[in-house]
Amino acid sequence: MPSVLSCKRCADDDSEQLLLAEERPDLIESLDPGCNASNNRRCFRRTRVREKERERLSIHESLDYLTSHSKVYKKWLQGQTYRMDWDRWLLMGLIGIIVGTLGFLIHQTIDYLINLKWELVENYIQKDNFHMTWICILGTGLAMIIVSSGLVVFFCPTGVPSGLPEVIGFLNGASIQHIFNIKTFGGTFVSCVLAVASGLFCGPEGPMIHLGAIIGYGLSQFHSKILGIHLPSLTRFWNSADKRNFITAGAGAGIASVFHAPVGGLLFTLEEVASFWDIKLAWQTFFCCMMAAFTTDLLSSSLCGFVYRGQFGFFKAEKRILFWVKNLLDMSVLAFVPAIFLGILGGLLGAFFVFLNIKINKLRMWFFCMIPKTCLRKTAKLLESVLILVLTITATVYVPYFFHCMPVKILPMFDFTSKTENISQVKWQISIYNCPSPKLQIGPDLMKNSNQTFNEAAALLAENGLRGIMYLFRRGTHEEFGYASLFTALIFYFLLSCLTAGAAVASGLVIPMLYIGALYGRIVGLILVSILGIEYGAWIDPGLFAAVGAASFFSGVSRLTISLTVIMVEITNDVQSLLLIMLAVMLAKMVGDWFNMSLYSSLLKLKCIPYLDAEPFVCHRKKWLNLELFVASDVMESSVKVLHLKENIAFLAQLLTSTSHSGFPVVYKCKPDQAEVFLGTITRLELYVLLENEAVFETEAMEGSHSSPIILPYQKIRVEKLHDQQWMTVLLGRYSTDPQYQRLFINLEPYINKSAVSVQAHFSLQRTYVIFRSLGLRHLTIVDLQNQVVGIITRKDLMSFQLEEKLGLQQTLQQPDSDEESLIQEEI
């Protein structure tokens, strides 16, 4: 294990992902009966890990989904004229069009670079010169991967590896810096294209979701200080609620564009990405996804490899549907038996994939933390990506050499019934690899045919991931791929894609997940063919079970259900196998949940992003706790700093300097002889803005008045960050030391959020959690029966390990006798 100081240096680097954290935090040693003198080293390590996790969590501030309902906000609303939501719908459509265009560019660029790379070595492969093939493929791949990894390491570290966990965390309410700026957009786009084209086992899906979210954020919040561009019509969208809505729509449009699946994009954001949802947002997101998919299809209908092919606006099924299944099969009830097996297998392999990937990422982070210098650490990350590429290219070039050529049946890309009459006019494909050139032959029936052959391993390893999945999904290809090629590709793809996920490149895991599932699904299909034979039924088709296996492994890793089922139907057009896919997906999720969390949830935890699950799971001494048995006061922070309606300037400056709280409850007295009761809240940032404007300061002579000389407008109050933090530090120091500010006050009443949510101390903790997460709160004030402030709850207080510590302590205090008795029984 690295030292604390070295890990601290590692944590301070913006490019470094967060420190090691256990998958499920153990109990603190004071509550764990296993923590005694015999294993105090293990308990100390747990405590240190938890301290690091708490330190990393404190970096991320929370977001407030609801706008501060203050007097200046209501005054600003009164000045806004009533308008329909036409501009919102227009902006949603514009986001969809831009995301769709971006998705088209990504796919076209990737295909162009891959084809160009393999065309350079066509002659070497046909001459069986695999050493030169390896050198050329590796050389072009290294040029791409160095640029790709260098961008995310030195230019935009927030784009690594996919940006999807960061987007999910942001939409859940955690403020994550630099994930939506133009630098991250450019770096992620280029890195993603080059990483996929270089030959790594990855896809563009995760980065595409991130890019779509950046477009949704950028267009809705657009204003350029450099260019001096400012669109007044968009200022009404400059709030947290609208910002999240447009980011959600952009993320869904990214899925819709990359998969040509508008309904799947909508459901994916509902099930996995967004934590706050309503029917109005659903309609707008659906429209955005529709425009994204339409734009991608429209551009793809006439352009291929940036070359105009004609037929603009004519959507062919084989181009419109990503993995088009031409021949639908009649189903049998017996098909549910292998589907059940594939669902269980997908859950087991998916859980193992998540476990292995998290362990590799922890080991990767530990290794980089051992490197003290930042420049060396970044260089090591780049070299790791290069090493992974070398392993991948070596496997894709040399492994097919050991496989024989097989005759082409109806393998895609080799349709000789097309208009091409001369076999020599058929473009060389990677699947042909080192097989002999085809020749046209005329049979006894005067029918033209070909002796075309292809290399099984090359079709599965060297080809683009999308094309390889297309091969596996193809129906009626019982003899196209054998066990040896399928098992070989499965092992290499499983290990190398698991190793690639988390490397310093912008990459996604959807294509590898579909590919791995399709490989073992086709193996199961071949086993059924060997046992029962083709004549037993049309449903015994390896291509059918490849699609079911792809869905099962995807669900086993991501734990998606509804959106995944719809996406699988949209990308295959296979409605006949809908029930089989649904069954496999449900079983894969149920089995996977027995072992660990989904990959996205595990990455959120590994990166220490404060994410609140839809349902809290708290364990104490290997027993799950029912939060309905606890109250809000059990987890609240009782040391609360409160403010009054009128506060002294010097006091505010000292308070902001000595504390790090991001929000403060405001109290007031209805009558001089009554106690102070809760009125509302005000944030630290709003106090900063007020202190920057000395025009709102009052003297002691005006203390009895409830109106200030000048009230700042809402446009100045609603800022997201300070323009100059150093100047504010100097200003607070002057306010704290200069005697004249001891006699000046600020009237906070116009700026207080008087609709701030509060619950009583005896309120159910389970329902407190639901309220906090459902409303997207940042602060939840706890009051007593007299409406006096007794505590406050923030996002950090509702994290799993915090609940475990505090509720475990409550359990210990409430049942000391039973605990002592259980310990005595354990000793006996």
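Colleague: Let's start with a charged pair. Which residue forms a salt bridge with Glu-166?

Modeller: Lys-607 does, and the closest N and O atoms are 2.8 Å apart. This pair links distant parts of the chain, 441 residues apart. Lys-607 sits in the loop between α23 (599-606) and β11 (619-620), and Glu-166 belongs to helix α7 (residues 164-172). Keep in mind that this is a predicted model.

Colleague: What is the general idea behind such a pair?

Modeller: Side chains of opposite charge can pair when their charged atoms come close.

Colleague: Are Lys-607 and Glu-166 buried or exposed?

Modeller: Lys-607 has 6% relative accessibility, so it counts as buried, the cut-off being under 20%. Glu-166 is buried too, with a relative accessible area of 7%.

Colleague: How do I read the pair Arg-559 and Asp-593?

Modeller: Take the distance, then the location. The closest N and O atoms of this salt bridge are 3.0 Å apart. Arg-559 lies in the loop between α20 (542-558) and α21 (562-572), while Asp-593 is in helix α22 (residues 578-593). The two residues are 34 residues apart, and the pair links distant parts of the chain. Next, check the surroundings. Arg-559 is buried at 6% relative accessible area. Asp-593 is partly exposed at 37%.

Colleague: Which residues do salt bridges with shared partners join into one network?

Modeller: Lys-71, Glu-749 and Lys-754 are joined that way. Look at one pair from that group. The side chains of Lys-71 and Glu-749 meet in a salt bridge, 2.9 Å from N to O. Lys-71 is in helix α3 (residues 71-78), and Glu-749 is in the loop between β18 (744-747) and β19 (758-760). That puts them 678 residues apart. Lys-71 is partly exposed, at 40% relative accessible area. Glu-749 is buried, at 12%.

Colleague: How many salt bridges does a search of the whole structure find?

Modeller: It finds 13.

Colleague: Now the inside. What should I expect of nonpolar side chains?

Modeller: In soluble globular proteins, nonpolar side chains tend to be buried together. Here, the largest nonpolar core has 146 residues. Phe-259 and Leu-514 have the most contacts inside this core. Helix α19 (residues 510-532) gives the most to the core, with 14 residues. There is also a second, separate core of 35 residues. Among its members are Tyr-73, Ala-653, Leu-655 and Ile-746.

Colleague: Which residues is Phe-259 in contact with, leaving aside neighbours within four places in sequence?

Modeller: Glu-205, Leu-322, Val-510, Leu-514, Ile-567 and Ile-571.

Colleague: Which nonpolar residues form a patch on the surface?

Modeller: Leu-105, Tyr-112, Leu-116, Leu-120 and Phe-306 do. Together they have about 460 Å² of accessible area. Tyr-112 is in helix α4 (residues 86-119). Its relative accessible area is 42%, so Tyr-112 is partly exposed.

Colleague: Last topic, the strands. What is the order in the open sheet of three strands?

Modeller: The order is β13-β15-β16, with mixed pairing. To find the edges, look for strands that pair on one side only: β13 (643-644) and β16 (677-683).

Colleague: In which sense do β13 and β15 pair?

Modeller: β13 and β15 (residues 663-668) pair in the parallel sense, over two bridges. To see this in the model, find Leu-643. Leu-643 stands opposite Val-666 in β15.

Note on methods. Residues are numbered from 1 along each chain as its sequence is written. This is a predicted model: local features need pLDDT of at least 70, side-chain atom pairs count only at pLDDT 80 or more; totals for chains, interfaces and linings use all residues. Side-chain values use heavy atoms; hydrogens and water are left out. Patches are made of residues with over 30% relative accessible area and no salt bridge: like charges are joined within 9 Å, nonpolar side chains (Val, Leu, Ile, Met, Phe, Trp, Tyr) within 5 Å. Accessible areas come from the Shrake-Rupley method with a 1.4 Å probe; for residues, only the protein chains shown count as cover. A salt bridge is a side-chain nitrogen of Lys or Arg within 4 Å of a carboxyl oxygen of Asp or Glu. Helices (H or I, at least four residues) and strands (E, at least two) are DSSP runs, numbered from the N terminus. Buried means under 20% relative accessible area, exposed over 50%, partly exposed in between (1.4 Å probe, protein chains only). A nonpolar core is a set of buried Ala, Val, Leu, Ile, Met, Phe, Trp, Tyr and Cys residues joined through side-chain atoms within 4.5 Å. Contact means heavy atoms within 4.5 Å. Two strands pair if DSSP finds at least two bridges between them.
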